[in-house]
Amino acid sequence: MQSESLVMSECVNSQLCVQQFTIHKSHRKSMPLDKNKVLRYQVIDKCLRDTAHRYKMTDLLHYCNKALRRNDLKECALRTLQNDIKTLRGAPYNIELDPVAEKEGYYTYYDRSQTFSLSSLSDEEKSALQKTIDLLEPVCKHSHNSQHLWMYHCLRQLQMGNALDLCDSNISFGGNEDFKGMEYFSQVMESVSMRKPLIVKYHPYFEDSVTFHLHPYHLRQYNNRWFLFGKSEEREGLTNLALDRILSIKTWKTTFIPTDIDFTDYFYDVVGVTVNDEMQPHRILLKVSNHQFPYIATKPFHGSYREIKEMQGEDHHIIEFNMAVNYELTAQLLSYGAEVEVLEPASLRETMANLAERLHATYHPKCDKTGTT
């Protein structure tokens with residue numbers, strides 16, 4: 001089974017939308033530009049077109065290296081940047097600098113409306129790009145996932161011949177760039193997609209390391225972490241492994257055992273990744289303050305969410321939805337503090353009350369033996 005998230009991740013992993021840059025076709029040979037050089041050229045172009053500031057060579061170097069560091073690329077030397085300017089003044093770019101500003105030690109376009117192209121693709125690259133867009137369009141074009149939409153936009157921009165702006169951080173996504181375990185992501189993703197069994201050495205929290213012989217089925221991201229679900233020889237039911245707890249992975253040469261689980265349905269009634277066969281959805285009734293209600297109404301807990309208007313008060317709203325209760329749901333409810341009160345079910349209300357008592361005990365000023373705080 002290949003989920004939507006895996007299709008998307010596979011395309012992102014190919015890095016098609018940040019590496020398919022070639023020199024303009026008027027060059028005698030279509031030689032590829034490396035990402036470092038593309039980024040330097042883009043920074044130079046932005047600076048030369050800037051009407052609000054003037055840049056010396058040392059300024060250009062500063063901004064180039066700042067962009068390179070942000071993209072985890074090697075910084076360049078002053079001589080490299082001087083050679084870049086020399087290259088850009090020649091064919092096929094033919095940029096024209098302002099001679100008056102240059103005499104004063106500054107670099108700017110003579111005509112700031114001019115620019116140059118880095119985005120021409122070879123016929124082979126265009127064909128590969130078109131096939132990629134055709135494959136992903138049904139998933140991306142109507143997706144509600146912002147990262148999917150961003151990636152689709154990048155692919156379309158390349159298809160139309162527009163260079164991707166690598167030097168501008170004009171969009172970002174919430175995530176953990178230092179997440180441990182991402183070195184295994186590509187291998188795990190391929191194993192899920194291609195149905196390749198794995199031998200995984202794993203270190204659970206507060207336990208000794210164990211080895212799982214796993215038939216991988218599904219990758220899921222939650223709270224900036226990735227989790228691998230599969231059938232292991234060592235456990236009944238599904239095994240859930242956090243990528244950041246994996247110590248090593250290698251291919252297991254055995255026959256893959258498939259699953260008939262639809263993971264969209266599997267996770268439909270839960271928040272996060274804690275699921276088991278015994279968990280059943282419950283009617284959850286919440287009292288939400290007027291201050292918090294607009295945020296919850298625009299980002300409801302579940303598709304079954306509805307407001308019970310006949311129970312609405314002057315300072316609160318009553319909402320309900322059907323979900324299974326797990327650790328992730330209680331943590332999410334707890335994040336709203338006193339703005340949200342659980343009314344039903346009684347078991348969840350008791351859990352929240354116990355958590356509130358523990359918090360109070362933690363933060364309440366403690367008295368010493370004399371009775372003073």
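Trainee: Across which strands does helix α13 lie?

Mentor: This is a predicted model. Helix α13 covers residues 346–363 and runs at about 145° to β9. The strands that α13 lies across are β6 and β9.

Trainee: In what order are the strands of the open sheet of 4 strands arranged?

Mentor: The pairing in this sheet is antiparallel. Its edge strands, each pairing on one side only, are β7 (306–307) and β9 (340–344). The order is β7-β8-β6-β9.

Trainee: Which residue is the bridge partner of L285 in β9?

Mentor: Strand β6 (residues 282–289) runs antiparallel to β9, and 4 bridges join them. The partner of L285 in β9 is E344.

Trainee: What is the average angle by which neighbouring strands are turned against each other in the sheet of 5 strands?

Mentor: This open sheet has the order β4-β3-β2-β1-β5, with antiparallel pairing. Strands β4 (238–242) and β5 (246–251) form its edges, each pairing on one side only. With direction ignored, neighbouring strands of this sheet are turned against each other by an average of 45°.

Trainee: At about what angle to β2 does helix α9 run?

Mentor: Helix α9 (residues 185–194) lies across β1 (198–202), β2, β3 and β5. Its buried residues include F185, V188, M189 and V192. After α9 comes R195, whose phi is positive, near 55°. Relative to β2, the helix α9 runs at about 95°.

Trainee: How many disulfides does the model contain?

Mentor: A disulfide requires two cysteine sulfur atoms within 2.5 Å. The sulfur of C47 has its closest cysteine sulfur in C64, at 6.7 Å, which is too far for a bond. The sulfur of C76 likewise has its closest cysteine sulfur in C64, at 5.3 Å, and this too is too far for a bond. The count of disulfides is therefore 0.

Trainee: Why is the pair of Y41 and Y93 classed as it is?

Mentor: The model has 12 aromatic pairs. The ring centres of Y41 and Y93 are 5.8 Å apart and their planes stand at 80°. Y41 belongs to helix α3 (residues 35–49) and Y93 to the loop between α5 (78–89) and α6 (99–103), so that the pair links distant parts of the chain, 52 residues apart, and both residues are buried. Because planes over 60 degrees apart define this class, the pair is edge-to-face.

Trainee: By about how much of a helix are F263 and Y266 separated?

Mentor: Both F263 and Y266 are buried, and they form an edge-to-face pair with 5.6 Å centre to centre and 70° between the planes. Ring pairs also link F263 and Y266 with F229 and F267 into a cluster. Because they are 3 residues apart in helix α10 (residues 263–266), their separation is about one helical turn.

Trainee: Over the face of which residue does R220 lie?

Mentor: R54 lies over the face of Y106, at 3.8 Å from the ring centre. For R220 the distance from the ring centre is 4.0 Å, and the ring is that of F267.

Terms used: Residues numbered from 1 in each chain as written. Predicted model: local features only at pLDDT ≥ 70, side-chain atom pairs only at ≥ 80, totals over all residues. Heavy atoms only, no water. Pairing = 2+ DSSP bridges. Helix = DSSP H or I, 4+ residues; strand = E, 2+ residues; numbered from the N terminus. Axes fitted to C-alpha atoms, helices over the stretch in contact; angles between N-to-C directions. Contact = heavy atoms within 4.5 Å. Buried < 20%, exposed > 50% of the residue type's maximum accessible area, 1.4 Å probe, protein only. Phe/Tyr/Trp six-rings, centres within 6.5 Å; stacked < 30°, edge-to-face > 60°. Lys NZ or Arg CZ within 6 Å of the ring centre and 35° of its normal.
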